[in-house]
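Trainee: I have a new structure to read. Where do I start?

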Amino acid sequence: MTEARTVSSEVEVGVEPATAFTAFTEEMDLWWVRGPINFWSDGGRVVEIRCEPGVGGRIMEVLDGPDVLERARITRWEPPDRLRWASSLDDVETEVRFAAIDGGTRVTVEHTMPAGGSDKGGTAWSRVVPRWFGAWCARRDRVPHEQIDLARISLAVSYERPAAAAHFLVDVFGFEPTDELPEGPDPLPQGEYGHPWIEVRLGNAAVMLFPLEGERAGGTPAIVPWVYVDDLEEHFSRVQGAGAPIVEELHPLPGSSLYVAEDLEGNRWTFLQARRTMR
């Protein structure tokens with residue numbers, strides 16, 4: 001049986017607790033980073049991440065149409081000091097505390113899970129809040145308060161040493177990581193980073209770094225565009241009907257779906273379902 005466990009993290013932000021509490025709850029859709037698999041539900045249908053105020057309020061993904069996915073229910077609501085929620089999707093309970101410090105607020109995220117309980121992603125908040133929420137607090141006074149979704153085209157680039165390459169792109173080329181960059185041996189082992197790639201951004205353009213595999217290892221890094229289309233199933237049918245080689249059939253990912261096809265010179269393209277918030 002899995003033992004009871006606690007997971008926590010913290011970040012210091014340069015605003016007072018009342019502002020930090022408001023930014024965390026009312027502006028969740030602005031600081032939540034949008035990506036290929038950053039949602040529980042069908043990522044192609046997500047319109048908004050929303051936190052309803054007060055005990056009994058929901059943290060949810062608002063989808064196209066009347067549907068929502070409830071991620072959690074608020075069990076404590078004590079602005080500006082703390083809030084707590086129980087996950088609706090696993091057995092993780094989460095408390096977020098906002099403590100005044102010199103120059104701002106220390107935001108602490110703490111998860112608890114009972115013995116034998118399941119964690120299907122409920123503890124991910126302790127991983128993303130320090131970077132995502134911390135970055136939003138640092139820029140929220142100088143940028144428009146509007147959600148800017150991921151660009152319609154991203155790039156997947158394969159490297160022999162993806163972790164080292166990610167540090168180079170950030171330190172030398174000036175990209176921004178969406179998570180803490182991994183350390184240790186390359187290539188990146190499957191699943192060590194939560195998914196099999198490292199993601200960096202420049203504005204709303206994403207570059208995903210994969211480890212080289214198979215016959216490409218040791219050669220020139222492969223570059224594969226990821227393209228978000230309005231109707232993925234229709235697009236797949238049209239491309240297949242035109243006779244383009246299908247490398248990977250249309251299949252689901254956590255929070256998304258995709259397929260891979262080759263163009264007339266054998267270059268590979270990955271296609272995914274776009275959200276209507278993508279420009």
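**Reading the fold**

Mentor: Start with burial. This is a predicted model. Of the chain's 279 residues, 46% count as buried, meaning under 20% relative accessible area.

Trainee: What does the radius of gyration say about the chain?

Mentor: A compact globule of 279 residues would have a radius of gyration near 19 Å, and the chain has 20 Å, so the two agree. Along the principal axes, the C-alpha atoms fill a box of roughly 60 × 50 × 45 Å.

Trainee: How many helices and strands does the chain have?

Mentor: There are five helices and 15 strands.

Trainee: How do I read a sheet?

Mentor: Strands of a sheet pair through backbone hydrogen bonds, either parallel or antiparallel. Here, seven strands form an open sheet with antiparallel pairing, in the order 1-7-6-5-4-3-2. Strand 1 (5-13) and strand 2 (46-51) are the edges, each pairing on one side only. On average, neighbouring strands in this sheet are turned by 20° against each other, direction ignored.

Trainee: How many bridges join strand 5 to strand 6?

Mentor: Five bridges join strand 5 (residues 82-87) to strand 6 (residues 93-101), and the two run antiparallel. Take Arg 84: its bridge partner in strand 6 is Glu 95.

Trainee: Which strands does helix 3 touch?

Mentor: Helix 3 (residues 125-139) packs on the sheet and touches strands 1, 3, 4, 5 and 7. Its direction makes about 10° with that of strand 1. Helix 1 (residues 17-26) lies across several strands, including strand 6, to which it runs at about 150°.

How values were computed:
Residues are numbered from 1 along each chain as its sequence is written. This is a predicted model: local features need pLDDT of at least 70, side-chain atom pairs count only at pLDDT 80 or more; totals for chains, interfaces and linings use all residues. Side-chain values use heavy atoms; hydrogens and water are left out. Two strands pair if DSSP finds at least two bridges between them. Helices (H or I, at least four residues) and strands (E, at least two) are DSSP runs, numbered from the N terminus. Axes are lines fitted to C-alpha atoms, for helices over the stretch in contact, and angles run from 0 to 180 degrees between N-to-C directions. Contact means heavy atoms within 4.5 Å. The radius of gyration is taken over C-alpha atoms; the globule rule is 2.2 Å times the number of residues to the power 0.38. Buried means under 20% relative accessible area, exposed over 50%, partly exposed in between (1.4 Å probe, protein chains only).
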